[in-house]
Amino acid sequence: MTFIKPRLSFWQIWNMNFGFFGIQYSFGLQQTNMSPIYSYLGAEESSLPLLWLAGPITGLIIQPIIGAMSDKTYGRFGRRKPYFLVGALLCSLCLLFMPFSSALWMAAGLLWILDAGNNIAMEPYRAFISDKLPAPQLSLGFLMQSFFCGLGITLANFTPTIFEWTGISGQMPSGIPYRTVAAFLVGAVASIATIGYSVMTTPEYPLSQEEIDKIKASKGGAWANLLEIIDAFKEMPQTMRQLAVMKLFQWFAMFCYWQYVTKTISQSIFGTKDPLSSEFRQADLITSQINGFYNIVTFSSAFILVWFAKKFGAKWVHFVCLILAGIAMLTIPQIHNREFLYAPMVGFGIAWASIMSMPYEMLAGSIPPERTGVYMGIFNMFIVIPMMIQIIFTWLTYDSLLGGNPANVLRMGGICMFFAAIAVTFVKIVKTEGDADKPVSFGGGH
């Protein structure tokens with residue numbers, strides 16, 4: 001007998017997605033603060049990309065494996081919840097200790113564990129929506145997840161400014177500002193508290209005996225999961241391969257922004273890149289503010305983009321948004337007044353909303369339903385592989401080709417956004433019956 005999923009109330013869907021806020025709050029802290037933290041601890045500008053390797057490598061390894069493992073998990077603790085809780089606990093511990101790092105190796109090591117925790121919690125969270133909601137409510141479930149994604153990152157970026165307003169000033173012996181320390185402590189509480197709330201308020205549906213028997217009969221273990229991933233690669237749909245080319249340039253560009261925007265602003269607004277100067281700490285705060293602003297634009301425009309995608313097609317909406325992002329990244333280094341920085345961030349925020357949604361909508365009709373989990377894991381690998389390429393390329397060329405100038409890294413990112421826009425025009429979208437009813441799956445993080 002087939003189990004019919006009951007419709008959930010708005011607040012039940014709110015509760016089940018609330019934990020995504022904590023996951024994305026953690027990602028927001030990373031995106032804005034890791035390059036400044038590394039700089040405070042004495043990192044050379046050219047070495048910043050290498051110190052960001054944690055995110056791409058852990059995402060490359062963990063996301064497809066955890067996705068496959070959670071599909072085959074059952075028992076008294078649930079199917080997805082054990083991964084939420086383990087990931088949240090790792091995140092909270094790393095966020096707690098990160099601002100007290102006394103050396104580069106300590107901060108870099110904590111980032112590796114932090115990214116692992118985020119990925120362990122996040123990948124099964126996407127599957128949780130499909131587990132719980134009936135088809136007519138899937139769109140609301142994914143949109144709610146996207147809302148918490150934008151809200152979490154936005155508040156993470158504004159938290160240091162809020163603490164600055166409350167009078168928290170000064171810095172640790174390492175140079176890390178006390179406002180940054182306070183923001184990470186808030187993140188440590190938010191990670192475990194929000195996921196714990198979702199776990200306590202949202203029960204998982206038990207698997208049927210037939211489903212349990214099927215899991216028991218399937219080959220388990222790491223080797224079986226690896227073979228499944230390899231087989232899925234071999235049979236990858238054409239649309240997914242074409243999107244991979246677009247994502248190569250798109251995510252290469254995003255990592256250029258996250259790594260070097262603070263250095264660029266410090267240089268263009270204050271005329272210094274010295275991490276020990278008060279001007280650099282001010283640039284660090286400005287980065288938090290403009291990042292928070294573009295994330296406000298992101299979750300404010302997400303629903304509007306869905307309407308445009310239905311009218312004009314996701315491919316062409318994404319094309320325009322990538323052009324906006326490219327223009328923003330080329331414009332930022334030319335701005336010498338902090339107030340004017342918010343103008344390009346409008347386009348950047350709209351583009352970020354598209355990056356988190358449109359590629360998933362373009363992919364939706366091309367992958368077989370029975371392999372959704374593994375293909376979503378692989379699709380997220382196309383986020384982290386470009387990041388790894390960017391890290392190595394920037395490290396090798398920073399002092400030579402890029403002239404040791406952080407602004408040139410942002411300009412390189414802007415050009416890559418234009419290449420991504422060109423690449424998306426070649427994507428062939430697979431249409432299936434009922435596409436209008438398909439949910440848009442919103443990404444986030446790595």
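Reader: Then what makes Glu45 buried?

Author: Its relative accessible area is 14%, and the cut-off for buried is under 20%, so Glu45 counts as buried.

Reader: And why is Lys273 called partly exposed?

Author: Lys273 has 25% relative accessibility.

Reader: What makes the contact of Glu45 with Lys273 a salt bridge?

Author: The test asks for a side-chain nitrogen of Lys or Arg within 4 Å of a carboxyl oxygen of Asp or Glu. Here the closest N and O atoms are 3.2 Å apart, and Glu45 and Lys273 pass. Glu45 sits in the loop between α2 and α3, and Lys273 in the loop between α11 and α12, so this pair ties together parts that are 228 residues apart in sequence.

Reader: Which residues are linked with Glu45 in a network of salt bridges?

Author: Lys263 and Lys273 are linked with Glu45 in that network. The side chains of Lys263 and Glu45 meet at 3.9 Å, N to O, and the limit is 4 Å. Lys263 belongs to helix α11 (residues 238-270) while Glu45 is in the loop between α2 and α3, so the pair joins parts 218 residues apart in sequence. Both Lys263 and Glu45 are buried.

Reader: How many salt bridges does the whole structure have?

Author: A search finds three. One of them is formed by Glu164 and Arg179, with the closest N and O atoms 3.0 Å apart. This pair links helix α7 (residues 138-165), where Glu164 lies, to helix α8 (residues 178-201), where Arg179 lies.

Reader: Are Glu164 and Arg179 buried or partly exposed?

Author: Glu164 is at 29% relative accessibility, so it counts as partly exposed. Arg179 is at 8%, so Arg179 counts as buried.

Reader: How do you know that Ser35 is buried or exposed?

Author: Ser35 has a relative accessibility of 3%, so it is called buried. It lies in helix α2 (residues 19-40). Leaving aside residues up to four places away in sequence, Ser35 touches Leu48, Trp52, Trp258 and Gln259.

Reader: What word describes how α11 and α13 lie to each other, and why?

Author: Their axes cross at roughly 30° and come within 12 Å. Angles under 35 degrees count as roughly parallel, so α11 and α13 are roughly parallel to each other. The crossing is left-handed. Met246, Gln250, Ala253, Cys256 and Tyr257 in α11 meet His318, Leu322 and Met329 in α13.

Reader: What secondary structure does the protein have?

Author: It has 17 helices and zero strands. Of its 446 residues, 59% count as buried.

Reader: Which residues have pLDDT under 50?

Author: That is the stretch over residues 432-446. Where pLDDT is low, the predicted coordinates should not be read in detail. For the protein, the mean pLDDT is 83, and 87% of residues reach 70 or more.

Terms used: Residues are numbered from 1 along each chain as its sequence is written. This is a predicted model: local features need pLDDT of at least 70, side-chain atom pairs count only at pLDDT 80 or more; totals for chains, interfaces and linings use all residues. Side-chain values use heavy atoms; hydrogens and water are left out. pLDDT is the predictor's confidence in each residue, from 0 to 100. Contact means heavy atoms within 4.5 Å. Helices (H or I, at least four residues) and strands (E, at least two) are DSSP runs, numbered from the N terminus. Buried means under 20% relative accessible area, exposed over 50%, partly exposed in between (1.4 Å probe, protein chains only). Axes are lines fitted to C-alpha atoms, for helices over the stretch in contact, and angles run from 0 to 180 degrees between N-to-C directions. Angles under 35 degrees count as roughly parallel, over 145 as roughly antiparallel, 65 to 115 as roughly perpendicular and the rest as oblique. A crossing is left-handed if the near helix is turned anticlockwise from the far one by less than a right angle, and right-handed if clockwise.
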